[in-house]
Amino acid sequence: MEWDPVALRYMEKNVTHTRMDGRAACRRLNLPLELKRVNGPFDLVFADPPYAFDQAEALFHGLQDYALLAPDALVIYEYLSRTPPPTAMAGLTLQRVKKYGQTSLAF
């Protein structure tokens, strides 16, 4: 799920290039508002919102509320390293954080 049409085209090309057609889908959606339009569940969710994104809690709650996560799903959330990782993760447990310069990933 991606809002930027250019980024979405690259994602679609990567899905084809990695032969994930039929197992991965790319959609242009405004999250978390349009989570209700998504069909799950998913084993892997990689959330890469803009760094100024202030709706992480709503995103995590939406993933749970709309049953979009498989029982052993992995959620990876990208955020700006100088800010704390999201804390209200709607039943998810923060396992680890990996820092890569200005970017951090919360697993």
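This is a predicted model: local features need pLDDT of at least 70, side-chain atom pairs count only at pLDDT 80 or more; totals for chains, interfaces and linings use all residues.
Reader: Why is Thr-103 called buried?

Author: Buried means under 20% relative accessible area. Thr-103 has 19%. That value is under the cut-off, so Thr-103 counts as buried.

Reader: Which residues is Thr-103 in contact with, leaving aside its neighbours within four places in sequence?

Author: Tyr-51, Glu-78, Tyr-79, Ser-81 and Lys-98. Contact here means heavy atoms within 4.5 Å.

Reader: How do you know that E3 and E4 pair?

Author: Two strands pair if there are at least two bridges between them. E3 and E4 are joined by 4 bridges, so they pair. The two strands run antiparallel. One of the links is Lys-98, whose bridge partner in E4 is Leu-105.

Reader: What lies between E3 and E4?

Author: A turn. The two strands form a hairpin with 2 residues between them. Gly-101 sits in that turn and has a positive phi of about 65°.

Reader: What makes E2 a partner of E4?

Author: Again, bridges. The count is 4 and the cut-off is at least two, so E2 and E4 pair. Their sense is antiparallel. Tyr-79 has Ser-104 as its bridge partner in E4.

Reader: Why are E1 and E3 called edge strands?

Author: Start with the order of the open sheet: E1-E2-E4-E3, with mixed pairing. E1 (42-47) and E3 (97-100) each pair on one side only. Neighbouring strands of this sheet are turned by 15° against each other on average, direction ignored.

Reader: Where does helix H2 lie?

Author: Helix H2, residues 56-65, lies across E1 and E2. H2 runs at about 170° to E2.

Reader: Where is Pro-49, and is it buried or exposed?

Author: Pro-49 is in the loop between E1 and H2. Its relative accessibility is 13%. The cut-off for buried is under 20%, so Pro-49 is buried. Leaving aside neighbours within four places in sequence, Pro-49 is in contact with Tyr-77 and Glu-78. The C-alpha atoms of Pro-49 and His-61 are separated by 15 Å. Those two residues are 12 apart along the chain.

Reader: How do you know that Glu-34 and Arg-37 form a salt bridge?

Author: Their closest N and O atoms are 2.5 Å apart. The limit is within 4 Å, so the pair qualifies. The structure holds 1 salt bridge. Side chains of opposite charge can pair when their charged atoms come close.

Reader: Why is Arg-37 called exposed?

Author: Exposed means over 50% relative accessible area. Arg-37 has 51%, so it counts as exposed.

Reader: What makes the size of the chain agree with a compact globule?

Author: With 107 residues, such a globule would have a radius of gyration near 13 Å. The chain has 14 Å, which agrees. Along its principal axes the C-alpha trace spans about 35 × 30 × 25 Å. Buried residues make up 31% of the chain.

Reader: Which pattern does the chain follow along the sequence?

Author: α-β-α-β-β-β. There are 2 helices and 4 strands in the chain. Among contacts between residues at least 6 apart in sequence, 60% join residues at least 24 apart.

Notes. Residues are numbered from 1 along each chain as its sequence is written. Side-chain values use heavy atoms; hydrogens and water are left out. A salt bridge is a side-chain nitrogen of Lys or Arg within 4 Å of a carboxyl oxygen of Asp or Glu. Buried means under 20% relative accessible area, exposed over 50%, partly exposed in between (1.4 Å probe, protein chains only). Axes are lines fitted to C-alpha atoms, for helices over the stretch in contact, and angles run from 0 to 180 degrees between N-to-C directions. The radius of gyration is taken over C-alpha atoms; the globule rule is 2.2 Å times the number of residues to the power 0.38.
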